[in-house]
Every structure is written in C-alpha cells, then in structure tokens.
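Here is a friendly tour of the structure for your next look at it on screen. Have the sequence open beside the model as you read.

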Amino acid sequence: MAELLEIRWHGRGGQGAKTAAILMGEAVSASGKYIQAFPEYGPERMGAPVLAFNRISDEPIRLHCQVANPAIVVVLDATLIGKADVTAGVPEDGLYIINTNLSPSEMREQLGLTGGKVYTLDATQISMETIGRPIPNTPMMGALIRTSGLLTIDEFIANTRDRLEAKFRPDIVEKNIQAIERAYQEVQGEE
Amino acid sequence: MSKRVAITGNEALAEAMRQINPDVVAAYPITPATEIVQIFADSVSNGRVDTEFVTVESEHSAMSATIGASAAGARAMTATSSQGLALMWEMLYIAAGLRLPIVAPIVNRALSAPINIHCDHSDTMGARDSGWIQIYSEDAQEAYDNLIQAIRISEHPDVLLPTMVTMDGFIVSHGMGNAELLADDVVQKFIGEYEPEHYLLDVENPITVGALDFADWYFEHRRQLADAHSKVQDVVLQVAKEFKEISGREYKLFDAYRLDDAEYAIVVINSAAGTAKTVVDELREKGLKVGLLKIRLFRPFPHKEIAEALSGKKAVAVLDRADSLSLMGGPLYIDLRAAMYDSPGSRVPMVNYIYGLGGRDVNLEQIAGVYDDLMEIAKTGKITQPVTYLGVRE
C-alpha cells in the first residue's frame, strides 16, 4: 500500500474527539485523498476517556482493524496523560499535539519522550475566549493542520465552514472558525 | 455522474434507500442499524421520497408490516440488526415462503447474552436457512452497491425472493470512509418501476396470500423455494453486469483476490477481508503465494464456483465471525467443507478460525499468523487443530 498516515485522538466524552476526526476526514477527503474516521466505541459517558482515529492515504484504504501505530497523536485533555497511554504504539519520530498550558519541552519531559516532535496549545483557553465554552476539538484541528501540513489552512477552513454551517447558527460558525485560526497561529513547537 | 464522498456505511445505505424511494418502509430502531432508518426518516419528513413510513412497536411488527405492504404490491423495505433480526425470525420465513421481494439492509451485530452491540455475524448467519438471499459487503461502497442491485435481484421474475444486504456493525456502519455514489436518476433508471404480477390490491384479479397448505401442497411450495434459489446466481451475475455499466464497479458471486496462482488461501466475509487483502499484498511482496476469497453471495451458496476456485490449493483457512456450536467450526467453514468434498483432485487441507466475536478486533499480525499456519500445514501435511478461536483469552 502507498503511504498511510494514521492519527489517534485522545479525549474525554463530550470534548468532540469523534467530531474532530470526522471533520478532519471530510476536509481531507474533499482535497482528493482517501480517508477513514472512526471512534473507538466504549461506554459513552461524559468525561470518560475516549479515542478516535483517522487514516489518510492517496490510495483507497481497505484496512478495517484498529489503529495501532499512529504517526500523529492529538490529546484534547492533558489530564489524560498518565491515565491513558498516549504514547502507545507511536513510532520514534511520532508527532504529538497536546492541549495544555505547558511548553512543549515541559510536556516532552512529562511524556518521557526522547524523539519525535511535541507541540502544545492552550486549546481550552482559546475555545473559552472564542466559543465561550471549553470545547477544545475545534482549535486542536487548527493546530493539527499547522503541524501536519495535511491541508492549507484556507482549504481546511473552507471545507469545515460548510460542514459547520449545516449544523450551527452563523455566529457559532464564525466563533469556531476564529478558534481554528487562533490555534493555527498560536500552536507552539520546540526551539 | 458518480461522486466520491466521505461517508459512513449507515449514511451510504440511507442514501441508497432515498434513491430507491420505496413505496413503504416499516422499521423499529436498533443499534447499529438505527441511523439508516433515522436518516431515511428525515428524507420522508422533508418530502425527498414518496415513501409511506410506518413506525411500529417492534421488529416483529416491522417485518410483518413490510410483508403486508409487499403482498399488497408495494416495493417495501426495512432495516435492522441483531436482536431485531432475531425478533423478526418467524416473519423472515413467511416473507420468503410468500415469495415477497423485500429488501432489507442488516447491520451485523452480536446476539445476547452477554449483551453486546458490536460486530459479529451471528445474527445473519442464524437467518441463513430462512429462504432469504444473503449478500455480504466489505465496506460502505459495497453495501451501497449491493443494496441497489438487491432490488433488481429480488424483483426478478425468476427469483421473487427477499434479500438481506449486510455490512459490519460499527466498523463499517459508523466508520467514515470513501464511497462513490450514483446520481438519483441513474439509480431510478437502473431499478425501474416495480410491477408485480400478482398482488393483493389488484382487485380485478383477486388472490389469496398466506393460505393453509397442509401435506397436500406445502412440500411443493417449499420445493419451489429451492427452485427459485437455484435461479439466483444467474440473476446476480446479470444484474452485476448491468450495474458495472452504470458504475464502473465489478461484482461477481465472490471476490477472488490474488487467488488464481495462490497456494494458500483465506476465505472470509465482510470488513475483515479488507484487512486481510493488505496482508496478502505484504506477503506477496515477500514472494509468498497467498490469496483470498471473499464471500459476497452466501445464500444461495455458489458452492461449485467456490470449490473450483479453491481446488488445488495447498491449504485453506476459513474465517468465521460466528460460531455454530456444532464443534465442527463456524457456519461458513461447515458449508465450505461440504462444498469441497466433491471437488476434483486431491483433498485440500482446510482449517477454521473463529474470530472477532462481539467486535473483537482482528489485526494484520493475526491474519499473517493464519497464513503462517497454512504454510506449516502444507509443509508437514498435518492439521493439529481444525478449529481455532483467534484472538481469544483462553
């Protein structure tokens, strides 16, 4: 199979991990690539640890097993670290994007990582200031777009705006777009 | 024109149902099939279809109402999963016995107990002798394509049998992937108008449906059911040929993947076939002669064609996502062994793996391990364990 990119989203029930995976899948699909987006279905309780996944490829994707070795891990809630095994199966050069007010180097130390890349973003703060509620999934998508280079921010916003408009009032859509744009600017990498 | 979209299996089947625009749909929600009917109900309430939508109080009633509508002369559909299909049980046999061309998506899910909402094939495998045609689907694309083709297959005058089109619960029903959807008018033209020859609302030509049928004629009517099934294969192939003309996608009785020159073959149903094809490609890169046969039509069972495709292989593994509890392996394995009994040439060593019950993941390493086992069997000529439970904690 051609190059296959796998992404794992860690969140808590209610934070939008599944929605983020689906919106990301739809946007990447619209760019012409093949995608999968699916959650791990467990007890669907608010606040319980949840997982969601993406696969992305230039070729049709036939795999229907769980994602075991994601190259990118997005953590929507830093309180999961130490409880959920966010580094499990991730290759040495894996990329982590974590919602936290800590710096990437502080987060690297917490995770005990030697290789790979670590990015951090205070997505909860951004979502409070833009959307008015702690919904970190939207800004974390902006951070993923910036750090992965999967799509240009303009492509992503155009597609995601369409999807959000189908579900939400115009002012809510704008606030979500603002959150994505701020995250795109504010995500921090290591020096 | 086809358009490629990002879509879940349930969304794809709800879209196919909207495009089919059946006269009547009667349904009761059950996970993981609920979304199909839920999304379709939106189409009903928004006036995008002409369907009479009947909300009922149970799956037994859903199938009963669908049978009534079909007998009246309507193109009638429903959808369900697992316990819902189990509750339809007695009505499934009636739909087939009355020769009603009902089409129903069934989203495969385990049966209780213990309670489980995730994928295995226990539900539809249990319905395999009900007289329904069964068509299995690897992903959303196949489920969508199969559902549209099923209308033509069921309603064919040589057939007149109900068809269930299945896909894997959650893995496909709720997982988003890509599929190419056909234009509404292309689907409508392909399925055509439903013009039943005999139906209850034809008041000029009154008929009796569901009459008492004792030892004098019952046997003949059940014999006719088998005769109808014997016509299904040709119709499936003819419909597939016409479907290729509108879609570009090719369907056969089963999917033979790198099988022709393969020495070791896995036979598998539904979504795990996609994972297994990836393993086939990886092992082929290493020069190993492995292949795969994915079941599409399971009832009737294309036993001659499948036996021919597998004859001469050095070893075959059949993967069942359901158990028969006969202690001889899963339902697919038992059928395949019977099919291979009369196949020409030397006997092909066959083993069975029961996997994925209740949604247990089956991964690349496990499937590669099955191919390893086959090579070992071929090398030693010995089968130490005919039936293996793959990925279970013993």
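Let's start in a loop: Leu325(B) sits between strand E13 (315-320) and helix H13 (331-341) of chain B. Helices (H or I, at least four residues) and strands (E, at least two) are DSSP runs, numbered from the N terminus. This is a predicted model, in which local features need pLDDT of at least 70, side-chain atom pairs count only at pLDDT 80 or more, and totals for chains, interfaces and linings use all residues. Residues are numbered from 1 along each chain as its sequence is written, while chains are lettered from A and ligands numbered from 1 in the order in which they are written.

**Backbone points to check**

- Leu325(B) is not a glycine, yet its phi is positive, about 60°.
- With 7 C-beta neighbours inside 10 Å, Leu325(B) counts as exposed; the cut-offs are 20 or more other C-beta atoms within 10 Å for buried, 12 or fewer for exposed, and partly exposed in between, with C-beta atoms placed from the backbone.
- Leu160(B), also not a glycine, has a positive phi of about 45°, and its place is the loop between helix H7 (140-155) and strand E7 (163-168) of chain B.
- Leu160(B) is partly exposed, with 18 other C-beta atoms within 10 Å.
- Thr31(B) and Pro32(B) are joined by a cis peptide bond with omega about 0°, and Pro32(B) belongs to the loop between strand E2 (24-27) and helix H2 (34-45) of chain B.
- Another cis bond runs from Ser112(B) to Ala113(B), with omega near -5°.
- As background, most residues other than glycine have a negative phi, and most peptide bonds are trans.

**Overall shape of chain B**

- Chain B has 14 helices and 15 strands, and 52% of its 394 residues count as buried.
- The radius of gyration of chain B is 21 Å, which agrees with the value near 21 Å for a compact globule of 394 residues; it is taken over C-alpha atoms, and the globule rule is 2.2 Å times the number of residues to the power 0.38.

**The six-stranded sheet**

- Six strands of chain B form an open sheet with mixed pairing, in the order E9-E11-E10-E13-E14-E15; two strands pair if DSSP finds at least two bridges between them.
- Strand E9 (254-257) and strand E15 (387-390) of chain B stand at the edges with a single partner strand each, so one side of each is left without a neighbour in the sheet.
- Strand E14 (residues 350-355) of chain B runs parallel to E15(B), joined by four bridges, and Tyr355(B) stands opposite Leu390(B) in E15(B).

**Helix H5 and its surroundings**

- Met91(B), Leu92(B), Ile94(B), Ala95(B) and Ala96(B) are the buried residues of helix H5 (residues 89-97) of chain B.
- These buried residues of H5(B) pack against helix H3 (59-72) and helix H9 (218-230) of chain B.
- After H5(B) comes Arg99(B), with a positive phi near 60°.

**Where chains A and B meet**

- In the interface, 19 residues of chain A are in contact with 19 residues of chain B; contact requires C-beta atoms, placed from the backbone, to lie within 7 Å.
- On the side of chain A that touches chain B, helix H1 (17-30) and strand E2 (34-39) of chain A are the elements giving two or more residues.
- E2(A) supplies the largest share of that side, five residues.

Terms used. Contact = placed C-beta atoms within 7 Å.
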